[in-house]
Amino acid sequence: MPALPKSLTAAILYVEGNHASRKPLAQVLRDQDFRVLEAETGREALRLAEERPDLILLDVHPPDADGFELCQRFKATPATASVTVLLFSGVHIKSEDRIRGLEGGADGYLTKPVEPAELLAHIKALLRVRRGEEATARLAAIVESSEDVMIGKSIDPSER
C-alpha cells in the first residue's frame, strides 16, 4: 500500500495496553510515515492527547480506563473534540459494542484481529474526511470574514 504524500502525513496517538501488539503495529504506522505517539494507559493517552494528534487509535480496553469513556472524554474536551478517534477491540466485538462506540463519538470502530492494510485504509480514509472538513471550514471562514464577497453570474448574450 503506498504511503501518504509527505504533505498528508499525520500524527497518530496509538493507545494499546498490550506491548506485544502495540510495538509491531506502531512500526507499520511509522513505515507509512505517520508520526506515532504511543500510550499504554488511559492516563498516558490523556497526557499525549494534549499534543493534538490528527487521529487517536484507541483500544477499547486499556489497562486503567474504559476506552468508550475515554473516547467520550476526548470528544467533550475542546482541545481534542475535533480529533478523529478510531476505536478497536478484540473483546468488545458485538454489534452493540460498535454502536456504543460510534454513538459515543468515535469516528470509526474496527474489531481485532485486523489486517494492517485494512487498518491503514481506514486511517487514511478518516484522515481524508477530516482534511476535507477542515478545508470546508477554512473556506467558510474566509467567506464569512470577507466584507466584499462577490458572486458572479455568467450572462448569456441572448438574454440581453
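How many of the 5 residues of strand S1 (residues 11–15) are buried? I found S1 mostly covered, with 5 of its 5 residues buried, where buried means under 20% relative accessible area, exposed over 50% and partly exposed in between, with a 1.4 Å probe and protein chains only. Helices (H or I, at least four residues) and strands (E, at least two) are DSSP runs, numbered from the N terminus.

This is a predicted model, in which local features need pLDDT of at least 70 and side-chain atom pairs count only at pLDDT 80 or more, while totals for chains, interfaces and linings use all residues. Residues are numbered from 1 along each chain as its sequence is written, and side-chain values use heavy atoms, leaving out hydrogens and water.

I then looked up the directions of the side chains: Ala11, Leu13 and Val15 point one way from S1, Ile12 and Tyr14 point the other way, and all are buried.

Next I checked the pairing, for which DSSP must find at least two bridges between two strands. S1 pairs with strand S2 (residues 35–39) in the parallel sense over 5 bridges, and Tyr14 stands opposite Glu38 in S2. From S1 the chain crosses through helix H1 (residues 19–31) to S2 in a right-handed β-α-β crossover, that is, clockwise from the first strand over the helix to the second with the strands pointing away from the viewer. S1 also runs parallel to strand S3 (residues 55–59), joined by 4 bridges, and there Tyr14 has Leu57 as its bridge partner.

For the whole protein I noted 5 helices and 5 strands, in the sequence pattern β-α-β-α-β-α-β-α-β-α, and 38% of the 160 residues counted as buried.
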